[in-house]
Amino acid sequence: MFNALNGMGGAGQSDPKTTNDANTALAVTFTICSLIGAPVFNIFGHRILVPAALAYVLYVGSYLTASPAFTIATGAILGIGAGFLWTAQAGIMMSYPDEKDKGKAFSIFWMVFNLGATVGAAIPLGNNFSNDGQSSVKIGTYIGFMCIMGFGAFLSLALLPAHKVIRANGSPVSLHKFSNWKREAIEIMHLFRDWKMLCLIPLFAGSNWFYTYQFQVYNGGGYFNLRARSLNNLLYWLCQIIGAGVFGMLLDWSRLGSRRTRAIIGNTLVLAILCASWIGGIFVQRKFTFESVKAEGFVPIDIYSDNYAGYIILYCIFGFVDAIYQGFIYWLLGTMTNDTERAARYGGFYKTIQNAFSAISSQVDAVHTPFMTQLYINFAIEGVGLLLTYIVCFKVSDVTVEQVDNLIDGHNPEVLVGGQIDTLEGGNIEIKYEHEKNYALSEKS
């Protein structure tokens, strides 16, 4: 729902400055709370989800007032809730499924996630379809968002604690007792010394940077009227569903080869399609600037304009690329761990970097940086990030072997092989899968 609102450009407001400032405040607190989100989740469990999700309702409600200061303040509060929510989500999505189903797990999550955004985008489109002149949405649009968000927040009460969830192969999702602050602080610091995490920082940095350009410049920069913006928004999220469904299944498709091979193929596909989309964006961006859309006599593009089809196709590709870019990050992180605690920390680190740079991107647009310059910055950050990711892709193993501690039964640390407990005997680990062909791996103890 939040994505649908922001995707309209300026959250449906005629002046996107307040939304840019609110998004900056959100990104700053989101950055901080993503870093501590994993400790909070590992200590308190899924109970943190309800108050975290209700922060979204408060934020949308701020648009019912005429106070920019209140909207910015609720943006900061939302960042706190979002940090906790998204870290918990990462821990769940990356650790609950079997290794062979991690792409599928992302597909299901991202498709449902963007189904909400698509339905949410249909609300303003329906409310504003006959609105071909005004640039702000109706109050009923915001109320609709609040009702749906509130329902979703309380629906999380139906979730079971992680230690009560059993995978299809019979193994428990979590073996941990609740963690503590000292242990979590040490583990978080270790992330900043993990060379893989450091290599992925540019990739993480670009993963939300493009939203500012796509939402506030391309769709919300004044080149389209509200009706066109609303339809663009709907199809953007619809293409996210398609992208997630196709790409998640592709990453799990064993016929493409080993996990390392699939990682390299996946990274290459994301890089190629992303480059094509930004090259297309350059041709469109040449047609308008911040000043030109404010000029007297400028007529925004409408859905009935002769050249509208090309613009919306490019915006659909933007949505498709977003899904496969984010999906590849989650899948790649999922190849590094099957442990719920560690997955939450990886997710928290990812969201920390993502939102630190998102705060910068919002202000880059807020100070009216030339639109074309913003596009080039996007192209550079994401291109470099994907190129550096090849280093990590070449180190992806076919089976994840890791040690876990803080066990609920009080035992000494155990070894997880493909997400299941295995015992080290004589320094060798033999791995057998129930759902796919057998693998054998020797590991020095």
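## Overall make-up

Helices (H or I, at least four residues) and strands (E, at least two) are DSSP runs, numbered from the N terminus. The protein has 14 helices and three strands. The model is predicted: local features need pLDDT of at least 70, side-chain atom pairs count only at pLDDT 80 or more, and totals for chains, interfaces and linings use all residues. Residues are numbered from 1 along each chain as its sequence is written, and side-chain values use heavy atoms, with hydrogens and water left out.

Of the 445 residues, 57% count as buried; buried means under 20% relative accessible area, exposed over 50%, and partly exposed in between (1.4 Å probe, protein chains only). The accessible surface comes to about 18300 Å², computed by the Shrake-Rupley method with a 1.4 Å probe. Carbon and sulfur atoms account for 66% of that surface. Among contacts (heavy atoms within 4.5 Å) between residues at least 6 apart in sequence, 82% join residues at least 24 apart.

## The largest nonpolar core

A nonpolar core is a set of buried Ala, Val, Leu, Ile, Met, Phe, Trp, Tyr and Cys residues joined through side-chain atoms within 4.5 Å. The largest one in this protein holds 105 residues, and the members that touch the most others are Met-197, Leu-200, Phe-204, Tyr-218, Tyr-330 and Leu-333. Helix 12 (residues 308-334) supplies the largest share of this core, 17 residues.

Which residues does Tyr-330 contact, leaving aside its neighbours within four places in sequence? The list is Trp-86, Gln-89, Ala-90, Met-93, Met-94, Phe-106, Trp-110, Tyr-350 and Lys-351.

## Helix 12 against helix 13

Helix 12 packs with helix 13 (residues 340-366) at an angle of about 145°, and their axes are 10 Å apart. Axes here are lines fitted to C-alpha atoms, for helices over the stretch in contact, and angles run from 0 to 180 degrees between N-to-C directions. On the side of helix 12 the contact is made by Gln-326, Ile-329, Tyr-330 and Leu-333, and on the side of helix 13 by Tyr-346, Tyr-350, Lys-351 and Gln-354.

These contact residues divide into five nonpolar, two polar and one charged. In this count Ala, Val, Leu, Ile, Met, Phe, Trp, Tyr, Cys and Pro are nonpolar, Asp, Glu, Lys and Arg are charged, and the others, Gly among them, are polar.

## Around the ends of helix 13

Asp-339 lies in the loop between helix 12 and helix 13 and is buried, at 5% relative accessible area. Its C-alpha atom is separated by 7.1 Å from that of Ser-174, a residue 165 residues apart from Asp-339 along the chain. Thr-340, in helix 13, is buried too, with a relative accessible area of 4%. Not counting residues up to four places away in sequence, Thr-340 touches Phe-41, Asn-42, Gly-91, Ser-95, Val-173 and Ser-174.

His-368 is placed in the loop between helix 13 and helix 14 (371-393). Most residues other than glycine have a negative phi. His-368, although not a glycine, has a positive phi of about 60°. At 46% relative accessibility, His-368 is partly exposed.

## Two further sites

Asp-302 sits in the loop between helix 11 (259-285) and helix 12. Is Asp-302 buried or exposed? With a relative accessible area of 12%, Asp-302 is buried. Leaving aside neighbours within four places in sequence, Asp-302 is in contact with Asn-225, Arg-227, Ala-228 and Tyr-308. Asp-302 and Arg-227 are 75 residues apart in sequence and 6.9 Å apart in space, C-alpha to C-alpha.

Ile-139 belongs to helix 6 (residues 139-155) and is exposed, with a relative accessible area of 55%. From Ile-139 to Leu-64, 75 residues apart in sequence, the C-alpha to C-alpha distance is 6.7 Å.
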